[in-house]
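Student: I have a model open and want to learn to read its elements. Where do we start?

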Amino acid sequence: MLQLDRVSKAFGARLALDAVSFGVRRGEILALLGHNGAGKSTLFASILGLVRLSGGDVLVDGVSVRRAGRRARSRVGSVLAPAFYEYLSGWDNLRILTSYSAPVTEAEMGATVRFVGLAERIDDRVRVYSHGMRRRLALAQALLPRPGLLLVDEWEAGLDPEGVHEMRELILRLNREHGTTVVVSSHSPAGVERMCDRLAILREGRLVFHGGWSDLDGRRAGVRLDLDDWARARPALEAAGAEVGSDGVVMPGPAGDVADLVAALVRAGVRVRAVEPVRGTPDERYLHALAAAGTAAVPRG
Amino acid sequence: MTRVRRFLRQQRWELIKLWARPRTYLGFGATLLFEIVLVSLYRTTGLDEALDRNYWQVPAQLADLAANTSGVTVAAHVTAETMAIMASLFLALVAGDIIANESEERTLHMIFSRPVTREAVLAQKVIACVVYTLLLAVFVGATALALGLLVDGPGKVVVVSARESIVGVHDFWPGLRRYALGIAMLGPSWLTFTLVAFTLSCWRIKPGAATVVALAVLLGDELLRVQPGFAGFAPYALTTRLLTWRQVFGFHVAWPRIARNLSQLLWIDLALIGLAWVTFRRRELAP
């Protein structure tokens, strides 16, 4: 659905995006993660043609943003930082923004407004909307007309926990019920773990990871061992290249896996009573991927 | 839906957006208020005294006529003053704001995230500026005439300006026709000033800065035009051309001069729109 091919963008001497390449499959939800300033918003702006690419190209459903930006954008809905005509109603804002795209009937608009849960306040001026309501309105305009690809920038920004939950449910419903491909950007891995199939991580404009959560787990999968003799076990594990934590969690070395560790323990005469896989928190795995980016190759799906 | 219909639909919303903002219609209220103040001043001080203090130089032999001014005479003066002082402010405010404000508020990002070309949006904004300028000019001319007639009634129409080489004394109906012709030229003339502010608005600039710079251009141009030391500048001044509409009040209308000035303004308009287009299409909307 979306293919980025060595997308680069420089603002003066600063390289905001450095040859970023990855794809988003039709019908999936992909999280675009990165710290502030990593290039997430610039990447969205590049996809939408708000900034000119310094290099590479973006294909939306096979249509080049560089060569046919308008046609490419006709397949994309975007939720950027909410910005509306404050002195007009939510409904009028929707009518204004939809006037720039394919025709949308009032019935479609009404259904979308109900979908995002804004039906009761849609005739109020945007000036009196809360941040959460503005986010809903931003989502509504992005869905009119129904896009094949939805980009949601900083999807949880400014929302309270209830708002985050509701926004997540809306995005999941869109994906499930309409098959909409979604890319959400965030700097909070925990917030997107339950929502996204795959993720891409940007660091200083470079793609440092692209793949599924399990691929990210692979970088940080450890095991909690229940052993009868830690004094004998520790040298055996370290000799096998493992990293032994104080909490009984053991991380296999780069070349080894859990089976190698168990074999090393058995050879050392240690009884292994239980082996429990341990996953780091999403934040830990994300930070590890970022840290590893500078020193080692990371999987790219 | 055809491209034309889509464009018209977008244009309609552009105008609705324009008219939904208070500063747009406040311009009409402010110019009307300013005209009322001017007419009141003329009533209390006498138009000839007021004219003597201003740049309208009344030759002695016309003083008697000027003293018996009609509503149309008052309207001609009030319109000129109101356009230069009050309407110019709102033209700069509206046109200087029309893109710069949308950029600052980031609504421009929302628009350009949609399948629309920059050329189409630019054209809609230009048309909105044209509509506003023409409407404000007609409003100023019509209300000045209504106020003038209300206060002074019909009579001789006297318009004299040494600087612009205009001497005109007309009966009421011919004078009124010339006034109508002048008002028809007023909007198209002032459109050039609106487009100065509009072009500035297309740059990466604060809305207030676009307005202030446009007004500074107008003020600087006018000061140079009226300074005796810069007499050589007057033929090249923008304000000389903005005042073209008053040429219709001369005994003998200088049509070649009017045609030359208006065509020069048209070329400036086209150049400004071209500059705005080049600026706008290259502009990046940074995230």
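Tutor: With a definition. Two residues are in contact if their C-beta atoms, placed from the backbone, lie within 7 Å. Keep in mind that this is a predicted model.

Student: Which elements do the buried residues of H5(A) pack against?

Tutor: They pack against strand S6 (76-79), helix H3 (90-98), helix H4 (106-115), strand S7 (149-152) and helix H6 (161-178) of chain A.

Student: How many residues of H5(A) are buried?

Tutor: A residue counts as buried if 20 or more other C-beta atoms lie within 10 Å of its own. In H5(A), 10 of the 12 residues are buried, so the helix is largely enclosed by the rest of the structure. Among them are A:Arg134, A:Arg135 and A:Arg136.

Student: What span should helix H5 (residues 131-142) of chain A have?

Tutor: At 1.5 Å a residue, 16 Å; its end C-alpha atoms are 16 Å apart, which agrees.

Student: Now sheets. How do strands pair?

Tutor: Through backbone hydrogen bonds, either parallel or antiparallel. Here, an open sheet of 4 strands in chain A has the order S2-S1-S4-S5, with antiparallel pairing. Strands S2 (14-24) and S5 (63-64) of chain A stand at the edges with a single partner strand each, so one side of each lacks a neighbour in the sheet.

Student: How many bridges join S1 and S2 of chain A?

Tutor: They pair over 7 bridges, in the antiparallel sense. A:Val7 stands opposite A:Val20 in S2(A).

Student: Which helix lies across S1, S2 and S4 of chain A?

Tutor: Helix H1 (residues 40-47) of chain A, running at about 65° to S2(A).

Conventions. Residues numbered from 1 in each chain as written. Chains lettered and ligands numbered in written order. Predicted model: local features only at pLDDT ≥ 70, side-chain atom pairs only at ≥ 80, totals over all residues. Pairing = 2+ DSSP bridges. Helix = DSSP H or I, 4+ residues; strand = E, 2+ residues; numbered from the N terminus. Axes fitted to C-alpha atoms, helices over the stretch in contact; angles between N-to-C directions. Expected span 1.5 Å × (residues − 1).
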